[in-house]
Amino acid sequence: MSSNVKPSWTATRLPFIATWQAHFSAAVMAREAPYLGALPTLITASLVFMALSGLVLSVHYDPAQGFASLQFIDRDVANGWLIHAFHETGTTMIFGAVYLSLFRLMLTRAYKAPGDFVWVLGVAQFALLLLVGYLGYALTDGAVSHWSVVGAADATARLTGVPGALGTWFFGGLFGPGTLARLAVFHVALALAIFGIVALHYAGRRAIAPIAHRSAAVGFHPYYTAQYFVAFVVFALIFALFVFFAPHFGENPLNAAPANSLIVPATIRAPWYLLPVSGFLLPGVWGGIIIVIARLGVLFALPWLDRSGPGGRRGGVYRSLVFVLAIDVIALTVITTAGPSPLGGILAAILTAWYFFHFLVLTPLVTAMEAA
Amino acid sequence: MMRRILVPLLAAGLGLAGLAHADDTLAPVKFQSDGALGSYDKAAAQRGFLVYQTVCASCHAASNLHYRDLEALGLSPDQVAGLAASIKLAGGQPATLDDVFKNPGLPASAFAGALPPDLSDIVNQRPGGTHYIYDYLTGFAAAPADLPMLPGHYYNTAYPGNETAMPNPLKGNDVAYADGTQATAPQEAADVAEFLTWASDPNLDARHEIGVRAIMFLVFLTVLAIATKRRIWRESV
Amino acid sequence: MAELDGQVVGHVAESRRDFLKILTIAAGALGVGATIWPFIDALGPDEQSEATTHPIVDVAGIPENSGISVMWAGLPVYIRKLTAKQIADNQAVVPDTLPDPAAYDERVKPGYESFVVVVGLNTGVPCRLEGNDPADTRGPFDGWLCPCDGSVYDPLGRVRSGPAARNLAIPRFKFINDAQIQFG
């Protein structure tokens, strides 16, 4: 007998809700997926959290006042200090989750076709997030971030040709009274643009998601809803530990002083989440940006640098090399945090060279050898 | 003149707060605000404000602080309004609760170029924080014979480079504490360090208090979440 | 029998799982609510706006028998200090004889009987009143006079004659100490 169940209230008005409900309950997920599979959802939730806290901050932030504006938020806005701490610590959490996610994807070789487009979208989100993070760091108008932006704007003014035009377009010329206001708008606009890429990325991931065997499959709801909730609460616990007991984790303590156009700090060091890509820079006008672009570039190219055939195996020597790469990146961050020293400079150069060696030489060779 | 008004008011405040004590609060120097679970010693911060107002405010500004913020130190709005009224602003009128801490308005040329820094956020801006402020204020000493001092500079063991442009501001008994604490120079330094720590981070108490509760709640919620997840998954077998 | 057993066992287990689920969801919702509250709170007025909305006015400097005018929330507020004679005269007035009956104590704050704080707008035709300065024309009761329609008020702001039928409005304020008033 065909059922003539009346379609629900929402089904006639917003049919996509019914589609979503069916989608989330459909038995297509494998059992025993690892908890770390919740990372992309955690990253998205963190993005939403950052957008909300950023929205509240932007109501009170005045780019013309910069540092004084943040002092005002911390002291005079009801719970402003907490929203500020949420936004500061949220940055650490989201980048921590993103780096962990990148590491996991490289270990499991999820970037291999047909996952290559999804990987490219993911690295695009990462690159955009780095830029948004840098702009947020600039907006703190601290002693160090001020000079970082001044230096970047100076460098773009000295560049010629297309890069120079792009750079001066972005910064609006040399640092001046309007620079922070423009960077604030870009910070918000680019952050919201990331949501667009998130949507594309999700669609891409759905397209390549493996469908489990009928007999052993479970629906996302309620099984993975419950599992993701555990991951979420643990994430929130770690977040709370940082927010309430170490809100300035990973920041340069010199940046707690206000911007001063007459005093240049002895060292200009970015917050921790920018160091894996910018910890080691070359001198000169190109130095600030060329290494960052190159590091991101090899990440984008990874699906094609990996020469193992379709369905390349996990594990093997390459897996150990990915661990070595992780240690390499962590070591670079730690060395940069420790401050400049002759030994530190040499080590940073070696670690950066290894990074490129890993992607450009080891990856093609080792994966090709292991595929054979 | 200011002391005549400030002292009775602070005595009333400290008496009401019930935190008065007369013995030396040092040895060894430990600040109640240190550490992950620290909180402000409000009596010390009130004493520190007295030292700040008597000694430091004649040269230093604190332009991120308003007089109404002092209510967080355990003073009633009435006491703070009275405190503020005893301070005459640049135009001659008495300060109100909503005024910014008085800026002495002195140009850098009055200090041979070394403008005294704004103290509202000083503890966050100096590596070493509270302890650095204490070490700096108690670190004035006679210069060693072999060190040529710059003109107009004073030897200080804590200051980077050891030559600072500020003369020793605390000589002991610069103020008379209403709660009977001995106003030795180290005591005044410790109290002003606690006050300046509060000024730089007024939300520390709230942050730590909410933090402890949040962690406890989240641990409880983690246990619940894991139990629920296991219960739901067991059901699917 | 087995089916019955299964049902009974299943029912108990189900209610236990439901309790756990409900507890978890409730606790989770509590956590979410506690996190969202600061966002909503932070969007409200900050201390500076609160200070502007609730300004503090110094009244100790007002000479007897004269008044000052301060703007608050778009309204001109008159603060007048009364002389002892004005206080005595007005305390003696029987409220029922007034067009808008009001006793002395309803118009002033307890403990501060010599200060009158009113909105300086005529309650008939809206118009700024005159009478703060002792040299102004104040009308027969030594209070305020409306230059537009001739309404007469006494020093407590009670209407005595004229087209206006209601006493002057009293804004929200309190004495935070002997010398200062805070509005709002």
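**View 1. C:Ala84 in helix α3 of chain C.** In this predicted model, C:Ala84 lies in helix α3 of chain C, which covers residues 84-91. C:Ala84 counts as exposed because 9 other C-beta atoms lie within 10 Å. C:Leu145 is 61 residues from C:Ala84 along the chain, and 21 Å separate the C-alpha atoms of the two residues.

**View 2. Helix α3 of chain A.** Residues 39-60 of chain A form helix α3, with 22 residues. From its first C-alpha to its last the helix reaches 32 Å, close to the 32 Å expected at 1.5 Å a residue. The buried residues of α3(A) include A:Leu42, A:Ile43, A:Leu47, A:Met50, A:Val56 and A:Leu57. A:Ser46, A:Ser53 and A:Gly54 are also among the buried residues of this helix.

**View 3. The two domains of chain A.** Chain A is divided into domain 1, residues 26-260, and domain 2, residues 271-372. Taken over C-alpha atoms, the domain centres are 21 Å apart. Contacts join 28 residues of domain 1 to 20 residues of domain 2. On the domain 1 side, at least two residues each come from α5 (80-108), α6 (116-139) and α7 (143-158) of chain A. The largest share, 9 residues, is supplied by α6(A). By class, this side of domain 1 of chain A has 17 nonpolar, 6 polar and 5 charged residues.

**View 4. The two domains of chain B.** Domain 1 of chain B spans 2-202, and domain 2 spans 203-237. Between them, 7 residues of domain 1 are in contact with 4 residues of domain 2. The side of domain 1 of chain B that touches domain 2 has 3 nonpolar, 3 polar and 1 charged residues.

Terms used. Residues are numbered from 1 along each chain as its sequence is written. Chains are lettered from A and ligands numbered from 1 in the order in which they are written. This is a predicted model: local features need pLDDT of at least 70, side-chain atom pairs count only at pLDDT 80 or more; totals for chains, interfaces and linings use all residues. Helices (H or I, at least four residues) and strands (E, at least two) are DSSP runs, numbered from the N terminus. The expected span of a helix is 1.5 Å times one less than its number of residues. A residue is buried if 20 or more other C-beta atoms lie within 10 Å of its own, exposed if 12 or fewer, and partly exposed in between; C-beta atoms are placed from the backbone. Domain bounds come from an automatic or database domain assignment. Two residues are in contact if their C-beta atoms, placed from the backbone, lie within 7 Å. Ala, Val, Leu, Ile, Met, Phe, Trp, Tyr, Cys and Pro count as nonpolar, Asp, Glu, Lys and Arg as charged, and the others, Gly among them, as polar.
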